[in-house]
Structures are given as structure tokens and as C-alpha cells.
Amino acid sequence: MKEPLVEGSEAAEIRPGAKPDELEVFDHGFVRLDAAMADDLSVVNGARVSFAVRKDSIDERDKGLIRFLMRERHGTPFEHNSFRFHLRTPVFVAREWMRHRIGSFNEESARYHQLGGDFYVPSQKAVRTQVGKPGSYSFEPVSEIVATGAIDTFRRVYDQLYAEYLALVEKGVAKELARCLLPFGIYTQFYWTVNARSLMNFLSLRNTQAAQYEIRTYAQAVEHFFARKMPATYECFVEFGRKVP
Ligand SMILES: Cc1cc2nc3c(=O)[nH]c(=O)nc-3n(C[C@H](O)[C@H](O)[C@H](O)COP(=O)(O)OP(=O)(O)OC[C@H]3O[C@@H](n4cnc5c(N)ncnc54)[C@H](O)[C@@H]3O)c2cc1C
């Protein structure tokens, strides 16, 4: 199967990373597949144990079984695997991400250590305006002047807030309190461990036009790794309309 290409406007924001299994995202973020115990065989054996059958490799019949499971929404065989991602995202993306309860998270602490000064500055193309009503917004480009001005504002305010944060920490104010000055655009990092069923739920909700551009871009990078590890499962996920089994 061809590796899925990261398409659309998000593609320009995702680059191969310096480490293996890493994709850089935006100005300071990344998606890194830290470890995976994940393949299509785990789905097949999870299902075939019903008949006390175990396979060592998958064949065309097994791919047919995966199609059947996906189409009929027999979801539990898709749970016998695990992806561990190390992610660096702006806080507002992490906040959306952690709403996905079926998975495990650990995140960098702003109580225990002084945060680095990396902040998300949108690319010129990512500065948009919202049109329409809540729940059915479309997002349109703004003029070059507005985009440039917005980016300048992001940079200026980030610099100022981060300098004030450092000044408070320097004076001995507890980091857990000084951090209140910092905005949603600051970068955080976290680990996320998730099985394929929950991962498909995440992708169905976050790699879609309804999702915010920034988390959608990260979801595209995550999808790249999912497709690589579980190609037959991924193919069926796409074929049956990206619905969760
Ligand atoms: C476009 C978009 C806009 C959003 N806007 C908002 C918003 O304005 N405000 C807001 O608060 N959230 C918002 N969310 C978050 C959303 O409500 C979900 O919290 C998030 O998408 C996680 O989805 P989930 O519950 O399916 O995933 P998970 O939490 O990973 O759950 C996976 C699945 O497990 C099952 N499950 C998990 N927990 C329970 C439970 N307690 N009871 C029954 N079944 C359960 C469900 O089948 C669920 O689909 C938004 C999400 C999207 C994609």
C-alpha cells in the first residue's frame, strides 16, 4: 500500500524530523512515535481466538476479516495493540487532545520546572478569519496586512509575557504561580499511549475539516504513523468512511 501523503494546507507545516520516527510540526512541535506494539496481526488474532485459531502472518482472508470487523463495527479486536507517542504541541492543542479519555497521558510540569520560551506563531497562511455561525464556521484567509500584523502581535506579546514570567521566577515567586502569566500558545510536551480503536476515534474527530487547523495538522502526522504500522486496518478505516469500529 502507498504511504498516505499528508495533503492540503497542513502539508506545508509537517516535515521529517531529525530523529527516526519523528515528524516536525509547525515552528517548534513534533510528533514522534516513541514505541509501538501494533500490527494488523493483532486484530486478526484478537478475532480468531473465538475459534481457538492463531496466525503468525496475515493473508488475503485475514484482510477480508479486518474489512468485515471494520464494516460491522466489531471494535474490540482493534484494541490489542498500543502506540506510544511523544508529542510537542502548543497548550491549546494539548488541551483538546487530552479530552480523548481512552488513552494514557503524562505531561511536562510547569510547577516543577521553568518552562522554555517556545511559543506557537502561526504561519502567514494559518492566520484566518471565521465566517458563519458557531458549529458551522468556515475559515477564510485574511489580507496580507492583517496576517502580518497578527503575527507581529503574537511575537511581541509572547516576548513580553515570557520576560515577565522569568522576572517573577527570578524574584522567587513559585513557578506554579508565575506560570499564570503564560498564554495558550506556549509549547508543552507529553506522552500519549493509545490503542488503534481509540486512535481511530481521535483521527475521525481531529483529522477532519470540523477540527481546528492546528490539531488537525498534528492528527495528520499521527495518521501517517498509524497507516505505516497497521496498513490493512488503515485501508479499511478509510474505505468505511473513517468511522470508529
Ligand atoms: C470539532 C470538535 C469540537 C469540540 N468542541 C467542544 C466544546 O466546545 N466543548 C467541550 O467540552 N468539548 C468539545 N469537544 C470535545 C469532545 O466533546 C470530546 O470530548 C472529544 O472529542 C473526545 O471524544 P470522545 O469522547 O469520543 O473520546 P474519548 O474520550 O477517547 O472516548 C472514546 C469513546 O469511549 C466512549 N466513552 C468514553 N467515556 C465515556 C463515558 N463517560 N460514557 C460513555 N462512553 C464513553 C465513547 O464511545 C467515546 O466516543 C470538541 C471536539 C471536536 C472534535
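**Ground rules.** I am working with a predicted model, in which local features need pLDDT of at least 70, side-chain atom pairs count only at pLDDT 80 or more, and totals for chains, interfaces and linings use all residues. I number residues from 1 along each chain as its sequence is written.

**Domains.** I looked up the division of the protein and found domain 1 (8–111 + 186–239) and domain 2 (124–181), with bounds that come from an automatic or database domain assignment. Their centres, taken over C-alpha atoms, are separated by 29 Å. To the contact between them domain 1 gives 4 residues and domain 2 gives 5 residues, where contact means that the C-beta atoms of two residues, placed from the backbone, lie within 7 Å. On the side of domain 1 that touches domain 2, I note 2 nonpolar residues, 1 polar and 1 charged; here Ala, Val, Leu, Ile, Met, Phe, Trp, Tyr, Cys and Pro count as nonpolar, Asp, Glu, Lys and Arg as charged, and the others, Gly among them, as polar.

**Sheet.** I then followed the open sheet of 6 strands, whose order is β1-β2-β3-β4-β8-β5 with antiparallel pairing. Strands (E, at least two residues) and helices (H or I, at least four) are DSSP runs, numbered from the N terminus, and two strands pair if DSSP finds at least two bridges between them. β1 (14–16) and β5 (104–107) stand at the edges with a single partner strand each, so one side of each has no neighbour in the sheet. Neighbouring strands are turned against each other by 20° on average, direction ignored.

Going along the pairs, I noted these bridges and partners:
- β1 and β2 (residues 22–25) are antiparallel over 3 bridges, and Pro-16 stands opposite Leu-23 in β2.
- β2 and β3 (residues 29–37) are antiparallel over 4 bridges, and Glu-22 has Arg-32 in β3 as its bridge partner. The hairpin of these two strands has 3 residues between them, and Phe-26 there takes a positive phi near 60°.
- β3 and β4 (residues 82–90) run antiparallel and are joined by 7 bridges; Ala-35 has Arg-84 in β4 as its bridge partner, while for Phe-30 the partner in β4 is Arg-88.
- β4 and β8 (residues 187–194) pair in the antiparallel sense over 8 bridges, with Thr-89 opposite Thr-188 in β8.

**Helices.** The axes of α1 (residues 40–48) and α2 (residues 60–71) come within 10 Å and cross at roughly 75°, the axes being lines fitted to C-alpha atoms, for helices over the stretch in contact, with angles from 0 to 180 degrees between N-to-C directions. That makes α1 roughly perpendicular to α2, a term used for angles of 65 to 115 degrees. I see Asp-40, Val-43, Val-44 and Ala-47 of α1 meeting Asp-62, Leu-65, Ile-66 and Leu-69 of α2, and by class this contact has 6 nonpolar, no polar and 2 charged residues.

Definitions and conventions: Angles under 35 degrees count as roughly parallel, over 145 as roughly antiparallel, 65 to 115 as roughly perpendicular and the rest as oblique.
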